[in-house]
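Thanks for coming, everyone; I would like to walk through the strand pairing and helix packing of one model today. Please keep the structure open while I talk.

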Amino acid sequence: MFTMRWLKAAMLALVTAVGLARAMPAQAQDKITIGAIIYARDSQYWQQIERGMRDAAAKYGATITFGLNQRKLPTEGQVIEDFVTRGVDVLIMPPLDKQGSVASARRAKDRNIMVVEYDTRLEDSSIASHSIGVDSHELAAAVGKEMRKYLESKGGQPSIGIITLPPINANMQPRRQGFLSALEGLKYETVAEVSGATPEEGANGLENILRRKPDTTAIWASNAGTLAGAAAAARRANTQTKLYGIDMSQDLAQMLLDPSSAVEAIADQQPYRIGYLTVETAVKAKRGENQPRYVNVPVKLYTKSDQQSVKEYLDLVRSLSN
């Protein structure tokens with residue numbers, strides 16, 4: 001009799017526990033800690049990445065902590081080591097250097113930490129379980145094609161300036177090659193090719209190019225920082241040189257809406273979406289759901305001729321700040 005009562009009580013407790021587990025949200029059953037790296041908070045690109053990650057972490061019940069690599073490999077290594085010491089479940093990172101970032105990322109994986117890469121990819125594809133981002137070649141080619149239309153409209157042999165990312169940046173070569181692929185077969189003069197990543201370097205790059213050839217037809221800038229700096233310098237110089245580049249911001253959107261601005265077209269990576277999908281993919285994969293190895297985010301092209309799309313971008317940014 002005692003045995004039967006005990007057995008019934010045990011079965012009731014088991015059924016109750018199963019019912020509670022089913023009713024309990026997945027995140028409450030499996031709390032995941034994420035260590036996320038961003039470059040810095042000095043541009044709207046990284047601010048939107050961070051906001052997207054925070055929103056996804058909140059939705060899926062994950063705990064997320066951010067570290068800044070400040071665009072320096074030693075700092076990146078220190079941030080990763082800190083996350084390893086904390087024992088995070090997932091490391092999310094945008095590798096600064098496809099080769100130079102491998103050792104630090106591998107240390108995390110060797111400690112059974114899931115590594116998810118975004119923005120760029122490590123040369124060793126066995127380290128990250130998932131990669132999220134825009135195809136850098138496609139990104140640069142999209143705005144390069146728009147610039148080509150303008151160059152062809154000028155007739156003769158137009159001249160261009162190129163502001164690339166520093167060679168250490170994993171995006172430097174694919175973006176440069178993607179841009180140049182859009183100009184294949186077109187006769188043009190390259191006035192100068194300089195490198196940079198910040199607004200100051202973008203301004204210096206534009207001034208350098210215009211010193212060599214004041215009537216340069218167009219300049220391509222490879223990220224939001226250099227494009228913003230070049231645009232500000234172009235306004236000061238009152239130049240007729242047109243600007244094409246990568247990564248949107250509120251200020252650059254306003255320049256696209258301004259008929260007097262030199263900025264003509266921008267290819268955007270949709271950073272909020274990248275950030276959100278990176279965390280969403282990581283959490284789902286960590287909880288055992290099958291996720292694509294590569295998650296491709298489509299390129300969004302904004303131009304002076306399509307002001308409605310630019311206004312919609314500004315509406316999106318304003319909504320994210322609320």
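Predicted model: local features only at pLDDT ≥ 70, side-chain atom pairs only at ≥ 80, totals over all residues.

**Strands and the helices beside them**

Let me begin with strand β9 (residues 242–246) and strand β10 (residues 263–268), which run parallel and are joined by four bridges; two strands count as paired if DSSP finds at least two bridges between them, and strands (E, at least two residues) and helices (H or I, at least four residues) are DSSP runs, numbered from the N terminus. Within this pairing, I246 stands opposite A267 in β10.

Residues are numbered from 1 along each chain as its sequence is written, and side-chain values use heavy atoms, with hydrogens and water left out.

Both strands belong to an open sheet of six strands with mixed pairing, in the order β7-β6-β8-β9-β10-β12, and its edge strands, β7 (189–195) and β12 (300–303), each pair on one side only. Neighbouring strands of this sheet are turned by 15° against each other on average, direction ignored, where axes are lines fitted to C-alpha atoms, for helices over the stretch in contact, and angles run from 0 to 180 degrees between N-to-C directions.

Helix α9 (residues 224–237) packs on the sheet, touching β6 (159–164), β8 (218–221), β9 and β10, and its direction makes about 165° with that of β9; contact here means heavy atoms within 4.5 Å. Helix α12 (residues 307–321) also packs on the sheet, where it touches β10 and β12, with its direction at about 115° to that of β12.
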